[in-house]
Amino acid sequence: MPQSQSSTYPFPPASPSQSPVPISDLFFDLANASTVSISSYKISQNNEIENSTGGVVWESSYLLYDYLSASLKEEDRSLAVISDGPGLLSMCLSTFFTSVIATEIGSVVPLLSSNITSNNLSSKVTVTPHDWTVPWSSPRSSLVLTTDTLFSSSLVTPLLSTLKSALLPHGTVYVCSQERCLDSIAKLIAEGPEYFDDFSEVSEEVWEVVDWGREVG
């Protein structure tokens, strides 16, 4: 599908009772925009990257950003975003961290790198190609994030291994995803405690902060 010229993200979006259009329609338009503007950043998208959906910012990234930006404080700590797509999380949350790592598969790295560079964040955000099936070789971080990465049950174990390897001791991981692949979600819930001692679902906590989150599943 051809992408539109640009779109400005109405951040945060109106709650369902106040929104002039359904939240799902809003995010559909955003996914098909060539450029999304959020905060002070402009994020280019490309939904024509072969064999990947990583060229687009999906709903769960907006949701996790909305949630974390309401609670994070600027401290001397590090962030890693696994499979960051066009880079919304690494860019928009970079102000809270002293160093940021943003990873993607090789075909998406040029888009991610271009967005980091064009938003003048190259000195803080390091873009690193990473395949979940390959051992983690970058520095570990105190906070590790990944969104919309539960799409194949065969990749859940490599994803969990990557998240664990990227995390500093006593750090925190957030996995945020729509219910696209129920088998993957079930496997994450079943295997997660093997990798993390304190493993729990926090959907209700997130939705208390981000009221539109329930509408996108």
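**Helix packing and selected residues**

Biologist: How are α5 and α6 oriented to each other?

Modeller: The model is predicted, so local features need pLDDT of at least 70 and side-chain atom pairs pLDDT 80 or more, whereas totals for chains, interfaces and linings use all residues. Residues are numbered from 1 along each chain as its sequence is written, and side-chain values use heavy atoms, without hydrogens or water. Helix α5 (156-166) and helix α6 (182-195) pack at about 40° with axes 10 Å apart, the axes being lines fitted to C-alpha atoms over the stretch in contact and angles running from 0 to 180 degrees between N-to-C directions. Under 35 degrees counts as roughly parallel, over 145 as roughly antiparallel, 65 to 115 as roughly perpendicular and the rest as oblique; α5 and α6 are therefore oblique.

Biologist: Which residues of α6 meet α5?

Modeller: Helices are DSSP runs (H or I, at least four residues), as strands are (E, at least two), numbered from the N terminus; contact means heavy atoms within 4.5 Å. From α5, Val 156, Thr 157, Leu 160, Ser 161 and Lys 164 take part. Their counterparts in α6 are Ser 184, Lys 187, Leu 188, Glu 191, Gly 192 and Tyr 195.

Biologist: Which side-chain partner does Asp 148 contact at 3.2 Å?

Modeller: Asp 148 lies in the loop between β7 (141-147) and α5, and its relative accessible area is 14%, which means buried (under 20%; exposed is over 50%, partly exposed in between; 1.4 Å probe, protein chains only). A polar contact is a pair of N or O atoms within 3.5 Å; within protein, one must be able to donate a hydrogen and the other to accept it, and residues adjacent in sequence count only if both atoms are side-chain atoms. The side chain of Ser 60 makes one with that of Asp 148 at 3.0 Å. At 3.2 Å the partner is Arg 180.

Biologist: What arc do the buried residues of α1 cover?

Modeller: In α1 (residues 23-31), the buried residues are Ile 23, Leu 26, Phe 27, Leu 30 and Ala 31. They lie on the same side of α1 because their arc, taken from the directions from the helix axis to the C-beta atoms, is only 135°.

Biologist: Is Ser 83 buried or exposed?

Modeller: Ser 83 lies in the loop between β4 (78-82) and α3 (88-92). Although Ser 83 is not a glycine, its phi is positive, about 60°. With a relative accessibility of 16%, Ser 83 is buried.
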